[in-house]
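Let's take a walk through this model, starting with one residue and widening out from there. Keep the 3D view open as you read.

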Amino acid sequence: SHIYELHKLKTLFLSQNQLSNVDDIGEFKHLEHLSLSMNNFKGPLPASFENLKHLKTLDLHTNEFTGDLFQIINDFESLETIDVAFNDFNGTLSPLIGNMTNLTTILLGNNQFSGSIPEEIQFCKLLQDLSVEANHDLGGIIPAVLGQLTSLVFLNLSTCGFKGPLPASFGNLEKLKFLDVSFNNLDGALPKELGNATSLTTLGLAYNEFDGFIPSEFGSLTNL
């Protein structure tokens with residue numbers, strides 16, 4: 001029988017195949033976990049995708065999907081993991097991301113997203129992993145509210161278009177192990193408060209326009 005007749009399906013993992021068409025994926029209205037990573041998908045997500053409002057895991061990485069991702073998923077409020085790295089998605093990061101309060105992982109690296117990180121991300125209190133690297137048109141000021149996401153362990157903002165200061169609020173991120181802001185247009189002094197982020201094992205600050213001195217407080221970062 002036809003796979004789309006499995007109306008009660010909750011988990012569908014199709015990673016590492018050579019698939020190119022899932023136009024009827026929206027038939028699985030109860031789907032909670034979907035992985036289509038590392039296939040041959042090209043072009044926009046099928047229109048029926050909008051039906052998958054119960055998704056908790058969305059894994060599309062390493063394809064050639066295009067289009068405005070957040071226009072489709074901006075009301076998927078059950079999402080816990082978004083991994084769409086290594087595609088050609090564009091558009092902006094929707095302020096409605098603040099309604100996705102169960103999110104723990106957002107991996108958007110190596111796409112064509114633009115605009116800035118919305119302030120509303122401050123409501124994603126469970127977020128542990130935020131990676132937006134290599135979206136060259138994503139930039140503006142790094143929002144200080146990221147410093148309120150005290151569950152963050154991994155934060156990769158490298159190779160984008162961020163400018164202005166590195167937020168002093170990052171000193172609040174006591175669980176943060178990885179911070180990379182290299183290859184941006186950040187400037188000003190390095191915040192001494194960052195010395196409070198004592199879990200850091202990796203700190204990437206290269207290829208920016210920081211000035212002044214390395215704060216003595218960085219001596220507290222004994223795990224680097």
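Start at Ile-121: leaving out residues up to four places away in sequence, Ile-121 touches Ile-97, Ile-106, Leu-127, Leu-130, Val-145, Leu-146 and Leu-149. Touching, or contact, here means heavy atoms within 4.5 Å.

A word on ground rules: this is a predicted model, where local features need pLDDT of at least 70 and side-chain atom pairs count only at pLDDT 80 or more, while totals for chains, interfaces and linings use all residues. Residues are numbered from 1 along each chain as its sequence is written, and side-chain values use heavy atoms, with hydrogens and water left out.

**The core**

Along with Leu-34 and Phe-49, Ile-121 is among the residues with the most contacts inside the largest nonpolar core, which has 60 residues. Helix α1 (residues 69–73) gives the most to this core, namely four residues. Such a core is a set of buried Ala, Val, Leu, Ile, Met, Phe, Trp, Tyr and Cys residues joined through side-chain atoms within 4.5 Å. In soluble globular proteins, nonpolar side chains tend to be buried together.

One of the partners of Ile-121 is Ile-106, and Ile-106 sits in strand β8. Ile-106 counts as buried because its relative accessible area is 1%; the cut-offs are under 20% for buried, over 50% for exposed and partly exposed in between, with a 1.4 Å probe and protein chains only. Besides Ile-121, Ile-106 touches Ile-82, Ile-97, Leu-127, Asp-129, Leu-130 and Ser-131, again not counting residues up to four places away in sequence. Take Ser-131: it is 25 residues from Ile-106 in sequence, yet their C-alpha atoms are 6.3 Å apart.

What about Leu-34, and which residues does Leu-34 touch? Leu-34 is in strand β2 (residues 33–35) and is buried, because its relative accessibility is 0%. Apart from residues up to four places away in sequence, its contacts are Leu-12, Ile-25, Phe-49, Leu-52, Leu-55, Thr-57, Leu-58 and Asp-59.

**Loops worth a click**

Two loop residues are buried. Ala-197, in the loop between β15 (185–189) and β16 (202–204), has a relative accessible area of 0%. Beyond four places in sequence, Ala-197 touches Phe-170, Gly-171, Leu-173 and Leu-221. Ser-94, in the loop between β7 (88–90) and β8 (105–107), is buried at 11%, and leaving aside neighbours within four places in sequence, Ser-94 is in contact with Phe-70, Asn-74 and Pro-118.

| Pair | Apart in sequence | C-alpha to C-alpha |
|---|---|---|
| Ala-197 and Lys-175 | 22 residues | 7.3 Å |
| Ser-94 and Leu-130 | 36 residues | 15 Å |

Most residues other than glycine have a negative phi, and most peptide bonds are trans. Ala-134 has a positive phi of about 60 degrees although it is not a glycine. Ala-134 lies in the loop between β10 (129–131) and β11 (137–141) and counts as buried, because its relative accessibility is 14%. Tyr-207 is also not a glycine, and has a positive phi of about 55 degrees. Tyr-207 is in the loop between β16 and β17 (209–211). Is Tyr-207 buried or exposed? At 60% relative accessibility, Tyr-207 counts as exposed.

**The whole chain**

Zooming out, the protein chain has one helix and 17 strands; these are DSSP runs numbered from the N terminus, with helices being H or I of at least four residues and strands E of at least two. The C-alpha atoms fill a box of roughly 65 × 30 × 25 Å along the principal axes. Buried residues make up 49% of the 224 residues. Of the contacts with a separation of 6 or more, 45% are between residues 24 or more positions apart.
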